[in-house]
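This briefing covers the sheet, the helix packing and the aromatic pairs of the structure shown below.

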Amino acid sequence: MDTPQEQLGTLWLAGEDDRPFPSAQHSAVAEDPSHDAVMLRLLADDPAVRRRAFAQAISRRWLERGEATIVRAVAVDRKADALDRLAFGRHMAAVKSVDLTFIGHRDDLLYFVGRAVLPDRYGGEPGIASDRIMQEAAARGLHVHGIGTARLDRKDEDLAVSAEQARRAAEIVAWLPHLAGVADISQLGAWVLLDSIDADGSHVGMFSPAALQLWEHGNDVQLETVETFLDTCGRVRDACEQLHIHRTTLYYRLDNLPDAVRAALNDGMSRSALHICLKLLRYWRATGRA
């Protein structure tokens, strides 16, 4: 063709005497200083490259240190084509109504960085960006399993920690329907703890014999009653409202629980262990570990 074509890349064919750059010389190689190129290096495998990119982004005010910066990890259906996921990431970065910069695609997750809304710091991000991600994904036929967010710590020198926290949050919420698929890592303390437990169902009897007995031999009504009663901190009125039953019915159900479960409900530590283990078993069942 006579018309000039855009250069897509450069292929270097090493000669017999040529050698790859030693690691000490990598820092001497000029890196693309453009906005998109710098932002895509924020999650580089090389820590030195990540830190340089982070320093550049801070100095040019593309990012801010501390909680003003939020990282989002978006878990996309693995059945989707990799190019479709990548195209979606770039598309979201071009949407003007939300502050999202696409910074990478790893293990079926898309990563974005943007500004956090600090007044909402304890309740998670306000959801505008997450809602838009869900809407745009649906319009493109992509299914989003979960969106996790994490804020940057002021002492961090790159986004690695925040990105890992966001990834973990996205993977956890994907298994918890009541969170509607979106959560900040700060909202998931107990679930992060449960996700970190490396044991399996065979250990639950050691942690809480009452939980194991209720899980294996109780019925669905008993499980729902005990979990709701514990979730509401033993407040009868709140438990009855959530269960849509009269307090007399609640007392009847509690009085007719197995002896081990009733004993656990009457002891502080055993009660806490019962609550945690029931959540643990439910989480393991959701994730296929139990």
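Angles between axes under 35 degrees count as roughly parallel, over 145 as roughly antiparallel, 65 to 115 as roughly perpendicular and the rest as oblique. Axes are lines fitted to C-alpha atoms, for helices over the stretch in contact, and angles run from 0 to 180 degrees between N-to-C directions. Helices (H or I, at least four residues) and strands (E, at least two) are DSSP runs, numbered from the N terminus.

The model is predicted: local features need pLDDT of at least 70, side-chain atom pairs count only at pLDDT 80 or more, and totals for chains, interfaces and linings use all residues. Residues are numbered from 1 along each chain as its sequence is written, and side-chain values use heavy atoms, with hydrogens and water left out.

**Helix pairs**

- Helix α9 (residues 220-231) packs with helix α11 (residues 247-255) at an angle of about 110 degrees, their axes 10 Å apart.
- α9 and α11 are therefore roughly perpendicular to each other.
- V221, T225 and F229 of α9 make this contact (heavy atoms within 4.5 Å) with L250, R253 and L254 of α11.
- The residues of the α9 and α11 contact divide into four nonpolar, one polar and one charged; Ala, Val, Leu, Ile, Met, Phe, Trp, Tyr, Cys and Pro count as nonpolar, Asp, Glu, Lys and Arg as charged, and the others, Gly among them, as polar.
- Helix α8 (residues 209-217) and helix α13 (residues 268-287) have axes 8 Å apart and pack at an angle of about 45 degrees; α8 and α13 are therefore oblique to each other.
- From α8, A210, A211, L214 and W215 meet L274, C277, L278, L281, R282 and R285 in α13.
- The residues of the α8 and α13 contact comprise eight nonpolar, no polar and two charged.

**Sheet**

- Five strands form an open sheet in the order β2-β3-β1-β4-β5, with mixed pairing; two strands pair if DSSP finds at least two bridges between them.
- β2 (101-106) and β5 (182-184) stand at the edges with a single partner strand each, so one side of each has no neighbour in the sheet.
- Strand β1 (residues 69-76) pairs with strand β4 (residues 144-151) in the antiparallel sense over seven bridges, and A75 stands opposite G146 in β4.
- Helix α4 (residues 128-139) lies across β1, β4 and β5, at about 155 degrees to β4.

**Aromatic pairs**

- Two aromatic pairs are counted, where rings of Phe, Tyr and Trp (its six-membered ring) pair if their centres lie within 6.5 Å; planes under 30 degrees apart count as stacked, over 60 as edge-to-face and the rest as tilted.
- The ring centres of F102 and F112 are 5.6 Å apart and the planes are at 50 degrees, so the pair is tilted.
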